[in-house]
Amino acid sequence: MSGGPVGSMWQGDRVDVEAYLARVGYRGDVAPDLATLRGLHTAHVDAIAFDNLDAVLGRPEVPLDLDSLQEKIVRRGRGGWCLEQVVLSAAVLDRIGFTFTAFAGRTRIRTGSRFGPALHVALCVELDGRRWVYDVSFGAHGPHEPIRLAENARLDGDWPFDLVREPTGEHVLRFLRPEGPAELYGFTTDVRYPSDFELLNHFCLTHPRSPFNHRMVLQRTRPHVRHLLAGSTLTEIRPGEPATSRELDRDEMLSAPEDIFGITLEPADVQALRKTLDAP
């Protein structure tokens, strides 16, 4: 393992990569190559859920420093929202020796708008003269492995995706569902930095139009099923089938983080979530 340079803004020299690999269940060889990139991507999305519980529980901050994220996601078994997961995964890729930048995307799937704030972040990895979108944190609608950053690129298999290029120059990542393509987000490769993440993090935590600070949003992607909980509505997606949804009662919502999304909550977090769900 080559290791990121000391003082890198992605902090690869400070990440406990062995603990991360154990957390995501990755057991293959590790090198800055395409096989490792694919394996890490799939292992991460299988193991780590999208989790906005800190915001829902009224925590005053969602820290983005690497030490806090390793404690929360790696050691305590929590998930995190995209900004948290990107900081952690970027440190791991940096430690291994990958070359990459970060970019921001304008989410379309839940908003229907092409012009909303660019709140989603992911990585663009350069490898052997090609670029790959490495997006481990879009949740139940996100890709299960990296997709080539090229016009009309496509991921086939149980969970098909493609990339299209619009006349504006934006790339659009699409989830190819039986009911028709779902546009996930549009993006350019303009470089974003960790300091930009802090501004996006503040918006997601505090802004009245944030989609993440007023209801529980949990998402998990596994090989044969994907789950999304938004408020009390649980959506299940299986390969080649239309998505199905149902409403959860209070007890089901309380148990959903662990039972459905594999999120380990501390007893105090469970009590705080119970009070939140009981609030009028």
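This is a predicted model: local features need pLDDT of at least 70, side-chain atom pairs count only at pLDDT 80 or more; totals for chains, interfaces and linings use all residues.
Hi everyone, let's start with a pairing: strand S1 (residues 50-51) and S10 run antiparallel and are joined by 2 bridges. Two strands count as paired if DSSP finds at least two bridges between them. The labels come from DSSP too: helices are H or I runs of at least four residues, strands are E runs of at least two, and both are numbered from the N terminus.

Residues are numbered from 1 along each chain as its sequence is written, and side-chain values use heavy atoms, with hydrogens and water left out.

Back to S10. On its other pairing, S10 meets strand S11 (residues 226-230) in the antiparallel sense over 5 bridges, and a hairpin of 4 residues joins S10 to S11. Arginine 220 has histidine 227 as its bridge partner in S11. How many residues of S10 are buried? The count is 5 of its 5, where buried means under 20% relative accessible area, exposed means over 50%, and partly exposed lies in between, using a 1.4 Å probe and protein chains only. Val217, Gln219 and Thr221 point one way, while Leu218 and Arg220 point the other way.

Next, the open sheet. It has 8 strands in the order S5-S4-S3-S2-S9-S8-S7-S6, with antiparallel pairing. Strand S5 (147-148) and S6 are at the edges with a single partner strand each, so one side of each has no neighbour in the sheet. S5 pairs with S4 in the antiparallel sense over 2 bridges, and valine 133 has isoleucine 147 as its bridge partner in S5.

Now look at helix H2, residues 34-47. H2 lies across S3 and S4, at about 10° to S4; axes are lines fitted to C-alpha atoms, for helices over the stretch in contact, and angles run from 0 to 180 degrees between N-to-C directions. Its 14 residues reach 20 Å from first C-alpha to last, close to the 20 Å expected at 1.5 Å a residue; that expected span is 1.5 Å times one less than the number of residues. Among its buried residues are Leu37, Leu40 and Val45. The buried residues of H2 pack against partners including helix H5 (82-96) and strand S10 (217-221); contact means heavy atoms within 4.5 Å.

How do H4 and H5 meet? Their axes come within 10 Å and cross at roughly 100°. H4 and H5 are therefore roughly perpendicular; under 35 degrees counts as roughly parallel, over 145 as roughly antiparallel, 65 to 115 as roughly perpendicular, and the rest as oblique. Residues of H4 in this contact include Leu69 and Ile73, and those of H5 include Val87 and Leu88.

Serine 68 is in helix H4 (residues 66-75). Why does serine 68 count as partly exposed? Because its relative accessibility is 28%. Proline 160 lies in the loop between strand S6 (154-155) and strand S7 (161-165), and at 14% relative accessibility proline 160 counts as buried. Leaving aside neighbours within four places in sequence, proline 160 touches residues including Arg174 and Phe175.
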